[in-house]
Amino acid sequence: MSLRVYAIAYLIFLYLPIFLLPLFAFNDSTIIAFPLDSLTFRWFYELWETPALHAAVQNSIFIAVLTAIFSTLLGICAARAAAKYEFPLKRPIMGLIMVPLVLPEIIVGVSLLVVVVQLLEWQLSTWTVVGAHVLICTPFSIAILNGAFQNMDTSLEEAAQDLGETPFSTFRLVTLPLVMPGIISSLLISFTISLDEFIIAFFLTGADPTMPVYIWGLLRFPQKLPAVMALGTILVLLSIILLTIAEYYRRRGLARAGLKDKGGFL
Amino acid sequence: MSGPIISLSGVQKYYGDYHALRDIELDIAEGEFFSLLGPSGCGKTTLLRTIAGFEDASDGALMLSGRDMKGVPPNKRPTNMVFQSYAIFPHLNVAENVAFGLRKHGLSAAQKDAKVAEALAMVGLEGYGGRAAHALSGGQRQRVALARALVLQPKVLLLDEPLSALDKKMREQMQGELRRLQRQVGITFILVTHDQEEALIMSDRIAVMFEGRIAQVAAPQTLYRRPETSQVADFIGVMNFMPATAQMAGESVETEIAGLGKASLAPDQCPGGVATGAVHVGIRPEMISLVFEGEEVKAATAKTTVVEQYYYGDMTYYDVALEGVEKPITLSMKNIVGRPVLERGAPARIAWDPRALVLFSA
Ligand SMILES: Nc1ncnc2c1ncn2[C@@H]1O[C@H](COP(=O)(O)OP(=O)(O)OP(=O)(O)O)[C@@H](O)[C@H]1O
Ligand SMILES: [Mg+2]
């Protein structure tokens, strides 16, 4: 009983702020406060009318897509190597790869800024953000893919070779389809992390701000706040859709492998 | 038939310092049903995987149908394997699993379908092609694994404990089916098992392995009746070992066996080589029988007491103590109509045929 009360309280605590987003996004007043005014779509219209926001969103999506692809590729290589081969210092190396997972982002941001600007003397640009995001997303990708690769029975790969496939075609025909749910998870999660990452993007972004950096800039103008709420509403909807897709693929992967469902997102 | 299909000579395998295969010398003939038998960890799987190409021998030569296999990867070898876990591809259905190895054979879709259907029929899975891999029972998975390997018509089929995951009934049924299948397709089968009964039932010849070494290679009857070492004798079935002294008497060996008395053994009763002095003599439980009142006996007899009795339904096993010998010997009797089952403590007269005795040098 008390557990149920706790669970409900926790859910309210967790989701109340998110429910406030659409509430004020459709509220016809520049002031974020109760009581609510009449229903309006003008904040969404305002978003539509702001080219600087479109540029920021495009920039963020571009960065997030590249980040997702690169960190997943790196993750596949690392997880594959860890699952298949024994090499000296394997554990320390795998441990070191995972360290960015726990480093404070502000430290990573500052040190990357120093490296990029002072040591390498590169121009800050979209690409420096991509590089930094790959750095922080790769550990997540490895963690997800490690699970996928380690769960795979190695005799399946041996069976494919035994049946005449080369190591490469074995990877394509057997390994890849079996770890595909992991790959999709990794793509979606690194995409999401990159899309809403602020601190590192703030340090490393060049002339074109990313979406979080742009939103942060908007906060200085209180009359823009309802538009930010509208943007937030769209992002929440998008996240739910992405999560549902990820979950669908995860379940399909499980069903194909004939495994029992253990946990998951939804 | 010309020459062996598989020939191993001087094969060694090291895992680091661990010597997993030692001086393996083995020839296997085409069309043979050959078993590798031994206790857990003796190197059976290692030997099978060396033949399949998943392990490289550290030393020695492996010839497959006359070709040296050094450096030849598994996908280029004329062998196929049925894995212990069956390794059915979970993302493919039954037909796709069976067709997997046919991908590079340049067959039309119709030819492929025909081959798959034929292979599935061979293992008794007609009409199962559309089944998802996870919707199969253990026995069915194993049949799919068999069909998937056999559809490629390999020169040699390697099976790593294919029946160990099945329950007893299913296992016995599959033993018969595997044997029949092997006769039907005529492909050389190499079966790894730690179940001596399974090896005896199914094989043309058996290699018994201990600690990376082949102890004896022989047909089932020879292996059972004339094991070369006491270790082999002990591993295959039950063997009573009795201390004895031996000395030569012309061609044969005269022995004085503790509790059983004198016996003269022919040279073929010393499969591990003739030995004299302190030796052991072995006899199987079913070669000793109880003698009941009024029965006429031509063989040697001795007086004993029943120490323990084990009733199996079709058979009864007895541990009986010989006079002046500490260790009881085990014998078995078929339970036929009119034959009583003796209780513990009952006196019993036993009889044996000296031709069933086997001499071991240690
Ligand atoms: N990759 C490996 N690295 C190190 N040692 C190994 C490796 N594979 C096998 N061994 C060792 O080699 C020995 C033989 O192993 P193998 O798997 O061939 O035994 P087996 O006869 O098949 O046993 P089981 O009946 O338990 O399957 C074992 O002691 C095992 O620990
Ligand atoms: Mg084994």
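A salt bridge is a side-chain nitrogen of Lys or Arg within 4 Å of a carboxyl oxygen of Asp or Glu. In this predicted model, a search of the whole structure finds 16 salt bridges over all chains. One of them joins the side chains of Arg205(B) and Glu32(B), with N and O 2.4 Å apart.

**Domains of chain B**

- The domain assignment divides chain B into domain 1, residues 4-225, and domain 2, residues 238-361.
- Between the C-alpha centres of domain 1 and domain 2 of chain B there is a distance of 39 Å.

**The surroundings of ligand 1**

- The residues around ligand 1 include Tyr15(B), Tyr18(B), Ala20(B), Pro39(B) and Glu161(B). Also among them are Ser40(B), Gly41(B), Cys42(B), Gly43(B), Lys44(B), Thr45(B) and Thr46(B).
- Sorted by class, this shell holds five nonpolar, five polar and two charged residues.
- Two side chains place a polar atom beside an oxygen atom of ligand 1: that of Tyr18(B) at 3.2 Å and that of Lys44(B) at 2.8 Å.
- The backbone also takes part, as a polar backbone atom of Gly41(B) lies 2.8 Å from an oxygen atom of ligand 1.
- Ligand 1 exposes 630 Å² when taken alone, and the protein buries 60% of that area.
- Strand 2 (18-28) and helix 1 (44-52) of chain B are the elements that give two or more residues to the shell around ligand 1. Helix 1 of chain B supplies the largest share, three residues.

- In the pair of Arg205(B) and Glu32(B), the side chains meet at 2.4 Å, N to O.
- Arg205(B) counts as partly exposed because its relative accessibility is 25%, whereas Glu32(B), at 9%, counts as buried.
- Arg143(B) and Glu177(B) form a salt bridge through their side chains at 3.1 Å, N to O. Arg143(B) is in helix 4 (residues 138-150) of chain B and Glu177(B) is in helix 5 (residues 168-185) of chain B, so this pair ties together parts 34 residues apart in sequence.
- Arg143(B) and Glu177(B) are both buried.
- In the salt bridge of Arg226(B) with Asp268(B), the closest N and O atoms are 3.2 Å apart. The two residues are 42 residues apart in the chain: Arg226(B) is in the loop between helix 7 (220-225) and helix 8 (230-235) of chain B, and Asp268(B) is in the loop between strand 13 (261-265) and strand 14 (277-283) of chain B.
- Arg226(B) has a relative accessible area of 18% and is therefore buried, while Asp268(B), at 45%, is partly exposed.

**A network of salt bridges**

- Glu158(A) is linked with Lys13(B), Arg49(B) and Glu55(B) in a network of salt bridges.

**A polar contact in chain B**

- Ser7(B) lies in strand 1 (residues 6-15) of chain B. With a relative accessible area of 18%, Ser7(B) is buried.
- The side chain of Ser7(B) makes a polar contact of 3.0 Å with the side chain of Asp27(B).

Technical notes. Residues are numbered from 1 along each chain as its sequence is written. Chains are lettered from A and ligands numbered from 1 in the order in which they are written. This is a predicted model: local features need pLDDT of at least 70, side-chain atom pairs count only at pLDDT 80 or more; totals for chains, interfaces and linings use all residues. Side-chain values use heavy atoms; hydrogens and water are left out. Domain bounds come from an automatic or database domain assignment. A residue is near a molecule or strand if one of its heavy atoms lies within 4 Å of it. A polar contact is a pair of N or O atoms within 3.5 Å; within protein, one must be able to donate a hydrogen and the other to accept it, and residues adjacent in sequence count only if both atoms are side-chain atoms. Accessible areas come from the Shrake-Rupley method with a 1.4 Å probe; for residues, only the protein chains shown count as cover. Helices (H or I, at least four residues) and strands (E, at least two) are DSSP runs, numbered from the N terminus. Ala, Val, Leu, Ile, Met, Phe, Trp, Tyr, Cys and Pro count as nonpolar, Asp, Glu, Lys and Arg as charged, and the others, Gly among them, as polar. Buried means under 20% relative accessible area, exposed over 50%, partly exposed in between (1.4 Å probe, protein chains only).
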